[in-house]
Amino acid sequence: MAKEEFRVYNSMTQQKEVFTTKEPGKVSMYVCGITAYDFSHIGHARAAVNFDVLYRYLMHLGYEVTYVRNFTDVDDKIIRRANESGENPLSLSERFCQEYLADMDDLQCLSPTHQPRVSDHLEQIKDMITQIINNEYGYVVDGDVFFSVEKFPNYGQLSGQKLENHRAGERVAVDPRKRSPFDFALWKAAKPGEPSWESPWGHGRPGWHIECSAMSAHYLTFKFDIHGGGIDLIFPHHENEVAQSCAACQESKISYWMHNGHVTNNNEKMSKSLGNFFTIRQITERYHPLVLRHFLISAHYRSPLNYTVSQLDSASDTIYYIYQTFQDCEDALLQHQGENLTEGLGKIAKKDPVSSAAEECINNLRSEFQTRMADDLNTAHILTGAFQEALKFINSTLTSLKKKQPKKQQLSMIQALISVKKELREVLDVLGLLSSSTSSEVLQQLKDKAVKRAGMVEDDILKLIDDRTQARKNKDFARSDQIRAELSALGIALMDVGKETIWRPCVPVELAPPPPPSEQNKPTPLAEKKPTEQQVAQPPAVEQNKAAQEQTVEDAQPHEENKATVPV
């Protein structure tokens, strides 16, 4: 199968470009991290997860990747929060850096190669500021150092912002000491109660923008492949980075600027300043971290992603279906282990590695995955289409395997299960959705979260299952239907497997409102009557744990043409 060319959208040129590296086989990548003064919200998680997918995909393509993601641990917001809480600013920041790293572990984000902090790189920052001043792009006023924007004629090349379109002083009072209202701070003179460091310009601390220029150059040189971050960083942060880096070194050149879109709440950017955000912890308290990760990659990384509970429920349903399919597959393979499986599979593999149906399924999955990922990391709908067909292939094969089969055909089906499951796992691994826990552990974790969302404990569900069983024995099918419907509304689905009733999480189904009093005694037309528990046919045994899962995540993800408006 021919390899697709990897194309990425470059914010600098505003077009997709074929990805090539400065050094063959190696990728250098810098991504702006968090300002550590509070628990991180799901907007931060989106940037981390999407660039983690890029990191994983580049390694999947065979690149050796040097990935740098910084922590801002010296900043106005940190100082303000520390003063409010009576904490040392660096101690407060260290605490929230550790909390962020714990969140990243939960979300299965791989550790970057380097995670530098501002407080550990003051010398590199001061050296860069000195170079900028020596090159006559910076000036000193009363211990502050400012960058002279008007000295840099290409200012605005990344964002497209023109200085003449901005009216100074409209939102923030202009510092009269600046040569131009648009100049920004490289170094801030010390103030009482703030952390400060010695410098050629007196005690003080770095401005925000200079840190990333200095740390990226330190770890990756002034020329590297990818600089990433949230779309809100394009201006002024990344625009100022371009100016600073070029002012310090004329050879400065970043090949690709990549930016992820906002997470929105009611179509408004989710942010701490607006107070409309949810922390990563608030979500993972109620949903499995894999569910949040799946939600965060369910739209193209550059498009807005609108937060809704229904989308998380749908993502949870998808993850449960995947791991239930894996569990059923593993159970079937375990069951056949004692039947000379190894010797039989060896003979089958030499003659015909997998059946033509399995080979077609694998090729379709591989081709679709490569095509979508090579197109600027198009993870939208990535778990639909061929991925869903591969899951259905496993389920169909499991059903056939339960029937009496000739040994050779049975072994061929087992080989098909192993091969298709392996391909599915490789896709999930690149997406960061392959858990290090066993399938049964993931399923139990998903069930535990569902019980918590329902405001129950599992004993409550088991008691209601017993009540429903008794109601059915008493032929009280109205009560039986009511129990099932009420649990379904809480995200708990009941399935009758033979004489046993089991439960699994599901997307909550809204309870039908009771009819108005005038309608309650009116006979219902036969065509409109809802079947009772006694009348509802159950799905085949192999599919019972997954019947509700056969919907694809198409319903949970925006189509390309509707990215900006469809809730996710």
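This is a predicted model: local features need pLDDT of at least 70, side-chain atom pairs count only at pLDDT 80 or more; totals for chains, interfaces and linings use all residues.
Two packed helices are described by the angle between their axes and the distance between the axes. Helix α9, residues 309-335, packs against helix α12, residues 386-401, at an angle of about 35°. The axes of the two helices lie 10 Å apart, and α9 passes α12 in a left-handed crossing. On the α9 side, the contact is made by Tyr321, Ile322, Thr325, Asp328, Cys329 and Ala332. Helix α12 contributes Phe387, Gln388, Leu391, Lys392, Ile394, Asn395, Leu398 and Leu401. Sorted by class, the residues in this contact are nine nonpolar, three polar and two charged.

Glutamate 94 belongs to helix α3 (residues 89-106), while arginine 117 sits in the loop between α3 and α4 (122-134). The pair links distant parts of the chain, the two residues being 23 residues apart.

Arginine 177 and aspartate 144 form another salt bridge, at 2.6 Å from N to O. Why does this pair tie together parts that are 33 residues apart in sequence? Arginine 177 lies in the loop between β6 (144-147) and β7 (184-189), whereas aspartate 144 is in strand β6, so the bridge connects these two parts. With a relative accessible area of 29%, arginine 177 is partly exposed. Aspartate 144 is at 12% relative accessibility and so counts as buried, the cut-off being under 20%.

In the pair formed by aspartate 496 and arginine 484, the side chains meet at 3.8 Å, N to O. Aspartate 496 is located in strand β14 (residues 492-497) and arginine 484 in helix α16 (residues 477-489). These residues are 12 residues apart, and their pair too links distant parts of the chain. Both aspartate 496 and arginine 484 are buried.

Some salt bridges share partners: Asp52, Arg56, Arg293 and Asp429 are joined in this way into one network.

Note on methods: Residues are numbered from 1 along each chain as its sequence is written. Side-chain values use heavy atoms; hydrogens and water are left out. Axes are lines fitted to C-alpha atoms, for helices over the stretch in contact, and angles run from 0 to 180 degrees between N-to-C directions. Helices (H or I, at least four residues) and strands (E, at least two) are DSSP runs, numbered from the N terminus. A crossing is left-handed if the near helix is turned anticlockwise from the far one by less than a right angle, and right-handed if clockwise. Contact means heavy atoms within 4.5 Å. Ala, Val, Leu, Ile, Met, Phe, Trp, Tyr, Cys and Pro count as nonpolar, Asp, Glu, Lys and Arg as charged, and the others, Gly among them, as polar. A salt bridge is a side-chain nitrogen of Lys or Arg within 4 Å of a carboxyl oxygen of Asp or Glu. Buried means under 20% relative accessible area, exposed over 50%, partly exposed in between (1.4 Å probe, protein chains only).
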